[in-house]
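Trainee: Please take a close look at the charged side chains here. Which of them pair up, and where do they sit?

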Amino acid sequence: MMPRSGRAGLAAITALMAVAVMPATSAHAADLIFHPAGKDAPFSEAVEVDGVVYLSGKIGAAADGTLPEGMEKQSRQAMDNIKAVLQRHGLQMRDLFKCTVMLADMGQWAEFNRVYVRYFEPGRLPARSAFAVKDLARGALVEVECIAHRPAGR
């Protein structure tokens, strides 16, 4: 006979497994809002789940696809691109609460930071991670991805 605690544990594991394999309901699917990045893009520019908006990473490419020279200009353009995505979806920079920064050269971290902090109100900097990567799309020097919260009523 299985000890009482063993039966309770087995019941809990069985219940969790049943939930894990259950098909998504239509109500659950309605909680996800996909915002396409464009006709030929293989990703969404943002996906919203229960008021949390996950932005795809943005590099410092201009609207015509060109990358400006240097970390300062690419950083500014990447942050402007994030701001534009937020605005398209009724959000502001102050709604960001987490950003991840990928740099082609960690030695340019300070230069990126000088640009980055100008996009936020004093005392309202999002939590953030930064790390070096081997390569970024299209030879970019920086890519930034962020997570925002949609305030009630927006």
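Mentor: Start with Glu72. Its relative accessible area is 36%, so Glu72 is partly exposed. Keep in mind that this is a predicted model. Arg76 comes out much like that in class: at 33% relative accessibility, Arg76 counts as partly exposed. The side chains of Glu72 and Arg76 form a salt bridge, with N to O at 3.4 Å. Both residues belong to helix α3, which spans residues 71-88. They are four residues apart, about one turn of the helix.

The search of the whole structure gives five salt bridges. Take Arg150 and Glu48 next. Their closest N and O atoms are 2.8 Å apart, and the pair forms a salt bridge. Arg150 sits in the segment after β7 (142-149), while Glu48 is in strand β2 (residues 44-49), so this pair ties together parts that are 102 residues apart in sequence.

Glu121 and Arg94 supply another salt bridge, at 2.8 Å from N to O. Glu121 lies in the loop between α4 (109-116) and β6 (127-132), and Arg94 in the loop between α3 and β5 (96-103), so the pair ties together parts that are 27 residues apart in sequence. Glu121 has a relative accessible area of 36%, so Glu121 is partly exposed. Arg94 has 35%, and is therefore partly exposed.

Back to strand β2, where Glu45 also lies. Its partner in a polar contact is His89: the two side chains are joined at 2.7 Å. Is Glu45 buried or exposed? Its relative accessibility is 6%, so Glu45 counts as buried; the cut-off for buried is under 20%.

Two charged residues deserve a backbone check. Asp50 is in the loop between β2 and β3 (52-55). Phi of Asp50 is near 50°, a positive value in a residue other than glycine. Asp50 has 59% relative accessibility, so Asp50 counts as exposed. Arg138 is in the loop between β6 and β7. Phi of Arg138 is near 60°, again positive in a residue other than glycine. The relative accessible area of Arg138 is 53%, so Arg138 is exposed. The cut-off behind that call is over 50%.

Asp50 is exposed at 59%.

Conventions
Residues numbered from 1 in each chain as written. Predicted model: local features only at pLDDT ≥ 70, side-chain atom pairs only at ≥ 80, totals over all residues. Heavy atoms only, no water. Salt bridge = Lys/Arg side-chain N within 4 Å of Asp/Glu carboxyl O. Buried < 20%, exposed > 50% of the residue type's maximum accessible area, 1.4 Å probe, protein only. Polar contact = N/O pair within 3.5 Å; in protein donor to acceptor, adjacent residues only side chain to side chain.
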